[in-house]
Amino acid sequence: MPNFRHSTSYDDNQGTPPFRKDTQYSPQASQDVLSYRRSIPLEDSHGNNTPQRQQISSDATMMHGGVGPSTRVEPTPDPLTRAFNEAIKPYVDQIEQLDRQMADMHLRIQQLEDERTEIHSWIDKRGFRPDVPPNIAKSMDAQPDSAQTLNFQLDRKMTMVNYDLHRLQDALNDSLAPSYFVQALTTLLPDLERLAALPQGAKFAFELVIKLGGNLNSHGGAPSTPDDSLEFYERLDETMVDVIRQRLDQGEEWQVMRDVKRIEKTGAYLRSYNGVTSYFPRSLKVMMHEVNMRNGGGGRA
């Protein structure tokens with residue numbers, strides 16, 4: 001009878017492991033597979049890997065009523081703190097209300113400043129700066145370029161007044177009395193004084209005063225000067241003296257002697273053709289005094 005071996009037995013000398021089916025149970029193999037699967041990281045909905053053991057531990061902690069690492073418990077305020085908060089609450093509400101009122105006031109102030117800027121721009125666009133009320137003039141004169149702007153508008157106003165006087169005289173076909181010209185031109189003197197008081201405005205006022213006297217001369221031509229014209233020249237001379245002193249006080253690099261010669265030349269012409277015997281006499285004295293002080297090494301630089 002042939003000698004058959006059982007399929008499960010094997011020869012130790014051959015060293016070949018026995019054949020084992022997949023369905024055969026092995027306690028050690030089951031434990032190894034379970035450990036391997038637990039060590040594989042899990043992938044959440046965002047594609048992030050989370051270790052399974054950490055997830056299980058966190059879930060277990062929340063199931064047992066534990067507190068997670070991101071959970072914070074606000075401490076209950078003690079009675080003293082609660083009483084203090086209730087006591088200061090009305091004052092805190094008042095402070096918040098005042099803050100809202102301050103914000104509204106700042107907004108209103110900004111709106112008023114914008115409106116003022118628009119009004120000033122409208123006035124300058126139409127050349128009305130010399131004719132504005134004193135309170136508006138004070139605000140407009142505080143601007144950095146107020147002297148140049150006022151000088152430009154005063155120059156244009158003087159030109160328009162002189163042109164209107166000439167046109168009126170041509171329309172009447174007769175020469176007007178000097179008193180009409182004096183009355184019209186005298187209204188410009190306060191504006192010249194206002195211009196001279198502005199920073200760097202005296203040099204502009206100096207030229208406009210000379211131009212104003214020239215405007216009156218353009219309407220003359222009589223060999224004798226009426227009393228009204230003499231009064232106008234005297235007042236014009238007083239205005240010029242104030243302008244000269246303000247110009248010297250402003251520290252401008254001014255060639256005084258050049259303007260002295262110019263005034264003397266114009267005065268000689270008026271004496272010869274218009275009979276004007278007094279043309280800025282006091283102004284010339286003040287200017288010559290300044291020239292002498294400069295030549296002597298004293299006075300203003």
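**Salt bridges and surface**

Modeller: Start with Asp259. Its relative accessibility is 4%, so Asp259 counts as buried. Keep in mind that this is a predicted model.

Biologist: Which residue does the Asp259 side chain meet in a salt bridge?
Modeller: Arg262. The N to O distance is 3.1 Å.

Biologist: Where do Arg262 and Asp259 lie?
Modeller: Both lie in helix α10. They are three residues apart, about one turn of the helix. In general, an α-helix has 3.6 residues a turn, so residues three or four places apart point the same way.

Biologist: And Arg262, how does it count for accessibility?
Modeller: Partly exposed, because its relative accessibility is 33%.

Biologist: What other salt bridge involves Arg262?
Modeller: One with the side chain of Glu207, at 3.1 Å, N to O. Glu207 lies in helix α8 (residues 202-218) and Arg262 in helix α10 (residues 256-273), so this pair ties together parts that are 55 residues apart in sequence. Glu207 has a relative accessible area of 35%, so it is partly exposed.

Biologist: Which residues are linked in that network?
Modeller: Glu207, Arg247, Glu252, Asp259 and Arg262 are linked by salt bridges.

Biologist: How many salt bridges does the structure hold?
Modeller: Twelve. Another one is Asp131 with Lys157, at 2.5 Å, N to O. That pair links distant parts of the chain, 26 residues apart. Asp131 is in the loop between α3 and α4 (134-141), and Lys157 is in helix α5.

Biologist: Which residues of α5 are buried?
Modeller: Ser146, Ala147, Thr149, Leu150, Asn151, Gln153, Leu154, Met158, Asn162, Leu165 and Gln169.

Biologist: What comes just after α5?
Modeller: Asn173, with a positive phi of about 55°. As background, most residues other than glycine have a negative phi.

Biologist: Which other residues have a positive phi?
Modeller: Gln200 and Phe280 are among them. Phi of Gln200 is near 60°, and phi of Phe280 is about 55°.

Biologist: Where are they placed?
Modeller: Gln200 is in the loop between α7 and α8. Phe280 is in the loop between α10 and α11 (281-295).

Biologist: Is Phe280 buried or exposed?
Modeller: Buried, because its relative accessible area is 2%. Gln200 counts as partly exposed, at 39% relative accessibility.

Biologist: New topic: the surface. Which residues form the negative patch?
Modeller: Glu193, Glu231, Glu234, Glu238 and Asp242. Helix α9 (residues 227-249) gives the largest share, four residues.

Biologist: And where is Glu193?
Modeller: In helix α7 (residues 189-196). Glu193 counts as partly exposed because its relative accessibility is 41%. Patch residues need over 30%, so Glu193 clears that cut-off.

Biologist: Which residues form the nonpolar patch?
Modeller: Phe84, Ile88, Tyr91 and Val92. Together they have about 390 Å² of accessible area. Phe84 is found in helix α3 (residues 79-125).

Biologist: Zoom out. What does the secondary structure come to?
Modeller: Eleven helices and two strands. From the N terminus on, the elements run α-β-β-α-α-α-α-α-α-α-α-α-α.

Biologist: Last one. How much of the protein do buried residues make up?
Modeller: They make up 26% of the 301 residues. Asp259 counts as buried, at 4% relative accessibility, and so does Phe280, at 2%.

Methods
Residues are numbered from 1 along each chain as its sequence is written. This is a predicted model: local features need pLDDT of at least 70, side-chain atom pairs count only at pLDDT 80 or more; totals for chains, interfaces and linings use all residues. Side-chain values use heavy atoms; hydrogens and water are left out. Patches are made of residues with over 30% relative accessible area and no salt bridge: like charges are joined within 9 Å, nonpolar side chains (Val, Leu, Ile, Met, Phe, Trp, Tyr) within 5 Å. Accessible areas come from the Shrake-Rupley method with a 1.4 Å probe; for residues, only the protein chains shown count as cover. A salt bridge is a side-chain nitrogen of Lys or Arg within 4 Å of a carboxyl oxygen of Asp or Glu. Buried means under 20% relative accessible area, exposed over 50%, partly exposed in between (1.4 Å probe, protein chains only). Lys and Arg count as positive and Asp and Glu as negative; His and the chain ends are not counted. The place of a charge is taken as NZ of Lys, CZ of Arg, CG of Asp or CD of Glu.
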